[in-house]
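Me: I have a structure open and would like to learn how to read it. Please take me through it step by step.

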Amino acid sequence: MLRPFRLEEPDSVKAASESLARYGDSAKIYAGGTELLLAMKEGLVHFECLVNVKKIPGLDGIDLDNGNVRIGALSTHRQLERSETLQEKLPVLVEMERNVANLRVREVGTLGGNLTFAEPHADPGTLLLALDAAVVAQKAGGSREIPMTEFFVDAYDAAVEEDEVLTEIVVPLPAANAAVRYRKFGYLERPSAGVALHVMADARRESVQDVRVAVGCVGPKSMRVEEAEAVLRGKSLEEAAQRMAEAGDIAGRAGDAISDLHGSAEYKEHIVKVLLTRAFNDIRAELAG
Amino acid sequence: MADSGRQTLPLSFSVNGTRYDIEVEPHELLLDVIRKRLGLTGSKRSCDVQVCGACTVLVNGRPVSSCTLPAFEARDKDVLTIEGMAEDGKLHPIQEAFIEFGGFQCGFCTPGMILTAKTLLDENPDPTEEEVIEYMNGNICRCTGYKKIVESIMGVGKSEAS
Ligand SMILES: Cc1cc2nc3c(=O)[nH]c(=O)nc-3n(C[C@H](O)[C@H](O)[C@H](O)COP(=O)(O)OP(=O)(O)OC[C@H]3O[C@@H](n4cnc5c(N)ncnc54)[C@H](O)[C@@H]3O)c2cc1C
Ligand code: FES
Ligand code: FES
């Protein structure tokens, strides 16, 4: 059962931030509510006041800007999945979004809410880490950019302050000689393991010039795994393929996998390695194609 | 703001073509307003956590879990529940297809299945079997094993009788 709360509906980020500062701990931003209201219905948390940010104009656009895609934090999963701009420029994000939750949750849930809730069993954060994205957080006093590598602090804990509103996600478009994949596995409602891999090849598409590996869901938070990247960086694509098992082992261990109802830590580490290898093979085929 | 100190919000919306002007508190859920205040009990509460789809209603044509959507979100919008599918006493072709192809047993999931199928067919009138399965994967049925639901949706408008 949902206990009574007050609703505030500011029409600017500044007003929202001021409300949040005024209420302190007893207020929370409400976007799609698909996470927040569940937690409140379960009685896990209660807030005296919810600040509906959906009346603030301009927070759900998807725009190209100087080699980046700027995604409004209030864009719903469904908007992202249906965006022609993203279908053309960042199909890996569209494919990931199509497989988030179910249709009704995608219809209402937002990307900003997904990231800020920092639920470990989620997809977008892992992909955004491999895409080297950043988010913009704004409050009454100004705005700042937070790189994804500094965004997730712990399970259910993101680096967004209480009176900050996440306004945008800024994603650099991958280069023409780069390929990106997100692969996940799960048999419950939410994903059990997710990996993202970004490989930028040299101009002749023979070697790995740069690489980003990210792992999510298996432990408390999504993270980049630089140690696994180091194994692959600078190698020919052939040699990198041979060393994927090693990189996968490192990524599996680095993910801080925990044993829970999704599976044992050992099992999840194995799945990470398998998914990463599959992602690499697909990327290699794309780069060759 | 009511004198009691509890906030109320005006809610003007239409449900199945009928306009309502009521007041709701922020925490009232759309499913409760539809079932208890409007007396339309076709929409069901089952999982209560946005997983099963028994509570599906369409808001401006889009499917939502009314078990977890605050009623105020329907302000100035058109809501469609299963009760609004038939017109002039005539069942909707999707309803006809579910009957013809045996798309339900106990019927508890059926309102949500039919409304979700409606949005699918509105978007994509001639879906493949894979498209039906992918689109419908957030609606759970404990009885049919899904095969006949998929057949029903694939069979809409293709029945001998229609
Ligand atoms: C049944 C189910 C299945 C799911 N499956 C998946 C899945 O497979 N993969 C996956 O990735 N996710 C999954 N999810 C999670 C889903 O993606 C999120 O619920 C959704 O995106 C959250 O967005 P929201 O707008 O509803 O957030 P809300 O519930 O409104 O907010 C969540 C949190 O973020 C804060 N917040 C929201 N917006 C902002 C903002 N702009 N600035 C600052 N703080 C903000 C809120 O204060 C709150 O603490 C699932 C959820 C459900 C219910
Ligand atoms: S009762 Fe709402 S989705 Fe199950
Ligand atoms: S017919 Fe019984 S749950 Fe679907």
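**Domains, chains and a ligand**

Reply: Between domain 1 of chain A and domain 2 of chain A, about 1200 Å² is buried, and carbon and sulfur atoms give 72% of that area. Buried area is the accessible area (1.4 Å probe) that two parts lose on being put together, summed over both. This is a predicted model, in which local features need pLDDT of at least 70 and side-chain atom pairs count only at pLDDT 80 or more, while totals for chains, interfaces and linings use all residues. Residues are numbered from 1 along each chain as its sequence is written, chains are lettered from A and ligands numbered from 1 in the order in which they are written, and side-chain values use heavy atoms, with hydrogens and water left out.

Me: Into which domains is chain A divided?

Reply: Domain bounds come from an automatic or database domain assignment. Chain A has domain 1 (6–55), domain 2 (62–172) and domain 3 (178–288). The centres of domain 1 and domain 2 of chain A, taken over C-alpha atoms, are 19 Å apart. Their contact (heavy atoms within 4.5 Å) joins 16 residues of domain 1 of chain A to 15 residues of domain 2 of chain A.

Me: What does the domain assignment of chain B give?

Reply: For chain B there is domain 1 (9–84) and domain 2 (93–154). Their C-alpha centres are separated by 21 Å. Domain 1 of chain B puts 17 residues into the contact, and domain 2 of chain B puts in 14 residues. The two bury about 1200 Å² between them, with 66% of it on carbon and sulfur atoms.

Me: How do I read the interface between the chains?

Reply: The size of an interface is often given as the accessible area lost when the parts come together. Here chain B and chain A bury about 2400 Å² between them, 52% of it on carbon and sulfur atoms. On the chain B side, B:Gln7, B:His27 and B:Gln50 lose the most area to chain A, together 22% of what that side buries.

Me: Which residues are the closest to ligand 1?

Reply: A residue is near a molecule if one of its heavy atoms lies within 4 Å of it. Ligand 1 is surrounded by 33 residues, and the closest are A:Ile29, A:Gly33, A:Thr34, A:His77 and A:Thr110. The site is shared between chains, because residues from chains A and B surround ligand 1.

Me: Which atoms of the protein lie by the oxygen atoms of ligand 1?

Reply: A polar backbone atom of A:Ile29 is 2.6 Å from an oxygen atom of ligand 1. For A:Thr110, an N or O atom in the side chain is 2.7 Å from an oxygen atom of the ligand. A polar side-chain atom of A:Asn114 is 2.9 Å from a ligand oxygen atom.

Terms used:
A polar contact is a pair of N or O atoms within 3.5 Å; within protein, one must be able to donate a hydrogen and the other to accept it, and residues adjacent in sequence count only if both atoms are side-chain atoms.
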